[in-house]
Every structure is written in structure tokens, then in C-alpha cells.
Amino acid sequence: MAAAAGAFSLREVLSAFQAAVTERREVLLGPYLRGWRGLVRFLNSLGAIFSFISKDAVAKIQIMESYCGGERQEEYRTLQSMVAYELASGLVDIQRRSEHPDSGCRTVLRLHRALRWLQLFLEGLRTAQEDSKTSTICTDSYNASLAAYHPWVIRKAATVAFCALPSRNAFLEIMNVGTPEEAVIMLGDALPHISSVYGITEELYAQHKLLNLP
């Protein structure tokens, strides 16, 4: 059954991240951003709890979409071509955020960090028992990923908000792929593709010493 217009669909996210990686292990930015658009719909379906993440993600997606559709769009076809182009052209603020605060490299890094949290959270939902507390799964995933990059006040607000999360089955129904059992199966199909994109990005950024851009 197709998801309603604007609704989250795990199947669409799976398709986008699957299409994002080429045989040469390049990450195509078009499908990557489509996958992120889907993940934003997932965050929005949970209400205002995740607005502090989803609003920032939307802003970053829009920046990247402008690059991908701009005059130098060929340089922004893949993650690898973007990194090579921006580094060679001096478009990345390595030491401090000043002249190029919205470089593609920095913008994708922010999405990359958030993707790690979502990857951990969805994996936690997939493997947890039916009566597991989603607040605990989400908090543990957040603390292992995004929390390190947020100030104390954001971390505190996030962990308080997580306490209001719905049940695991409610989350699985939001996936729009059928029963909770069917959602678990599709998460098992989708997460390796998300993990692949994350791993390739992590490796590329580590190679060029870009993981701690200001």
C-alpha cells in the first residue's frame, strides 16, 4: 500500500539509499538527499519532539540541493567529486568557520552525524523487544552520536523530550509498510544500505581529515 502524500515511507528511504551507492563505492548526492527527505518525514511524523533535528536537516538538504542544481552541479554529482572539488578550490574552512560556513563538505558532515543517530535508533527499534522503551533506545542512540556535538541545554531538552515517545509498535506502524513484523523485516533490508552510505562517508572524511570541521 502506498504511503499518503507527504507521509513517511520506509520503502522510499530504502530505495533512495540503495540507489545512492555505485559499484565503485561512490555516493551519489541526488539519491542521498532523497533518502534524507524521507528521513525528515519520519522525524516530522513524530511531532515537535524532533524539530530541533529535522529543521536543521531541512536547511542542510536545501543547501546541498542548491549546489547539486547549480552552475557547478557536475562537481556535486557524487560525494567524492564534491570533496575533491571543494578541497582543491579552497572552499572548505578547515581551521575555523569563517569564509565558507556553508561549504558542501561541512553541510554533509552535519547530515552525516545525524544519519548516525537515525541509523542507531532504527537498528535499536528493529532488534528491541516489543515492550522495550523507545525513550531508552532513542536516548542511547543520541548519546552515542549527536549528543557530542550539541550544547548542554539542547542535550537536556532532547533527553526530556524523548520520554514522551510512543511505543515501539507505534513507531513501526509509522513506517507505512504494513504490520510491525513487516516493518522489522524492511528495516533489516534498509539499514545495511544506510550503513553503507554512512561507512563510505566516514572513510572519505577521515581520509581527508574532515570529520571535525568547525
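Ser135 counts as buried at 17% relative accessibility, where buried means under 20% relative accessible area, exposed means over 50%, and partly exposed lies in between (1.4 Å probe, protein chains only). The residue sits in helix 6 (residues 134–143), helices being DSSP runs of H or I with at least four residues and strands being runs of E with at least two, numbered from the N terminus. Once its neighbours within four places in sequence are set aside, Ser135 is in contact with Phe162, Cys163 and Leu165, a contact being heavy atoms within 4.5 Å.

This is a predicted model, in which local features need pLDDT of at least 70 and side-chain atom pairs count only at pLDDT 80 or more, while totals for chains, interfaces and linings use all residues. Residues are numbered from 1 along each chain as its sequence is written, and side-chain values use heavy atoms, with hydrogens and water left out.

## Overall fold

The secondary structure of the protein comes to nine helices and zero strands, so that from the N terminus on the elements run α-α-α-α-α-α-α-α-α. The radius of gyration is 17 Å, close to the 17 Å that the globule rule gives for 214 residues, and the protein is therefore as compact as a globular protein of that length; the radius is taken over C-alpha atoms, and the rule is 2.2 Å times the number of residues to the power 0.38.

Taken along the principal axes, the C-alpha atoms fill a box of roughly 50 × 40 × 30 Å. Of the 214 residues, 46% count as buried, and among the contacts with a separation of 6 or more, 70% are accounted for by residues 24 or more positions apart.

## Salt bridges

Side chains of opposite charge can pair when their charged atoms come close. With a salt bridge defined as a side-chain nitrogen of Lys or Arg within 4 Å of a carboxyl oxygen of Asp or Glu, the count comes to seven. One of them joins the side chains of Arg41 and Glu12, at 3.2 Å from N to O, and this pair links distant parts of the chain, since Arg41 lies in helix 2 (residues 29–45) and Glu12 in helix 1 (residues 10–20), 29 residues apart. Arg41 is partly exposed, with a relative accessible area of 26%, and Glu12 is partly exposed at 43%.

Another salt bridge, between Asp56 and Lys60, has an N to O distance of 2.8 Å; both residues belong to helix 3 (residues 51–68) and are four residues apart, about one turn of the helix. Here Asp56 is partly exposed at 36%, whereas Lys60 is buried at 13%. Arg77 and Glu74 also meet in a salt bridge, at 3.8 Å from N to O, with Arg77 partly exposed at 41% and Glu74 exposed at 57%.

## The largest pocket

The largest pocket has a volume of about 300 Å³, a volume being the space filled by probe spheres set on grid points that are joined across faces, edges and corners. On a 1 Å grid over the protein atoms alone, a pocket is an open set of points where a 1.4 Å probe fits, with protein on both sides within 12 Å along at least five of seven lines, and lining residues have an atom within 4 Å of a point.

Of the 15 residues that line this pocket, the closest to its centre are Asp56, Arg110, Leu146, Tyr149 and His150. Helix 3 and helix 5 (104–127) each supply at least two residues of the lining. By class, the lining has seven nonpolar, one polar and seven charged residues, where Ala, Val, Leu, Ile, Met, Phe, Trp, Tyr, Cys and Pro count as nonpolar, Asp, Glu, Lys and Arg as charged, and the others, Gly among them, as polar.
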